[in-house]
Amino acid sequence: MKLWLTLVKPAFTLLGGAVTAAGLTAAGIAVLTDEPIPGTRSVSRGSRGSNSADMPCGRDELWSQSQVMQALGVCALVSVASYKLHLAWELRRARREVARFRNSLTAEVQQHIQVLEGQHRAELRMVRAQVDGFQGPIHHPPALVAPAVLVEQEPPEWAVCPISFELMTQPVCLPSGASYNLPAIARWIEQNNIDPTTRQPLSLQHVYPNLRLRERIQNWIQQSTANLLNNTLCEH
């Protein structure tokens, strides 16, 4: 049924348009040139009124100008109706396609979010298990040293501590997965004893160095320092 609608409806619309165009063309030529429409007899304009009563009805009956105009109107109405029908069908089909695509995309995004949430929960459980099973003090590497030339340069957002809003020179990670600068989170824990994100109980025993972020910040410091020195040399 869907295949029939897909193939026949557009063909019907095109055929209706072609027939209408042919009818309009033939009727228009007949009106302008006083030529008979195919299938009718040719009679002069003057004899139309006097002979109309004596002429039999059927294919040989001549069309008056008003009849021709009525035929043109009918052809135009049929063409417009066919075109509107085709537009309505195309609109319904487009709406169905959009709804099907939206539902498919929504389901795919939700599935992807569920997978990511599951992976995140698994990583958090693993981190908590490692932290809870660790005995003894955690040794943090020394703080990074940022040159004085970088004081006026704004660091990237991922390198800024959410508590102190300064460059993280000793980035550490919490069981929640959030990263902070060690001095800032140490003061926070001393005053509140809870995780800033999850509001769960927290101690310094659960804070461990974020070595990957530390390496990334160190690379940014080195690259930014080199760029500033090059710019200074170029100016002089």
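## Burial and exposed surface

Of the 236 residues in the protein chain, 23% count as buried, a class that requires under 20% relative accessible area, with exposed meaning over 50% and partly exposed the range in between (1.4 Å probe, protein chains only). The chain exposes about 16,900 Å², and carbon and sulfur atoms supply 60% of that area. Accessible areas come from the Shrake-Rupley method with a 1.4 Å probe; for residues, only the protein chains shown count as cover.

This is a predicted model, in which local features need pLDDT of at least 70 and side-chain atom pairs count only at pLDDT 80 or more, whereas totals for chains, interfaces and linings use all residues. Residues are numbered from 1 along each chain as its sequence is written, and side-chain values use heavy atoms, with hydrogens and water left out.

## Secondary structure and contacts

The protein chain has five helices and three strands. Both kinds of element are DSSP runs numbered from the N terminus: helices (H or I) of at least four residues and strands (E) of at least two. Read from the N terminus, the order is α-α-α-β-β-α-β-α.

A contact is defined by heavy atoms within 4.5 Å. Among contacts between residues at least 6 apart in sequence, 57% join residues at least 24 apart.

E1 and E3 run antiparallel and are joined by two bridges. Cys-173 stands opposite Tyr-208 in E3.

Side chains of opposite charge can pair when their charged atoms come close. A salt bridge is counted when a side-chain nitrogen of Lys or Arg lies within 4 Å of a carboxyl oxygen of Asp or Glu, and the count comes to two. Glu-90 and Arg-93 meet in one of them, at 2.8 Å from N to O; both residues lie in helix H3, three residues apart, about one turn of the helix. Glu-90 is partly exposed at 23% relative accessible area, and Arg-93 is partly exposed at 35%. Arg-100 forms a salt bridge with Glu-97, with the closest N and O atoms 2.9 Å apart. Because Arg-100 and Glu-97 are three residues apart in helix H3, about one helical turn separates them. Arg-100 is partly exposed at 45%, as is Glu-97 at 42%.

Phe-101, found in helix H3, counts as exposed at 58% relative accessibility. Together with Leu-105, Val-109 and Ile-113, Phe-101 forms a nonpolar surface patch with about 370 Å² of accessible area. Patches are made of residues with over 30% relative accessible area and no salt bridge, like charges being joined within 9 Å and nonpolar side chains (Val, Leu, Ile, Met, Phe, Trp, Tyr) within 5 Å.

## Surroundings of Ala-143

Ala-143 is found in the loop between helix H3 (65-132) and strand E1 (171-173), and is partly exposed at 39% relative accessible area. Leaving aside neighbours within four places in sequence, Ala-143 is in contact with Thr-169, Gln-170 and Arg-214. The C-alpha atoms of Ala-143 and Asn-181 are separated by 9.6 Å, the two residues being 38 apart along the chain.

Note on methods
Two strands pair if DSSP finds at least two bridges between them.
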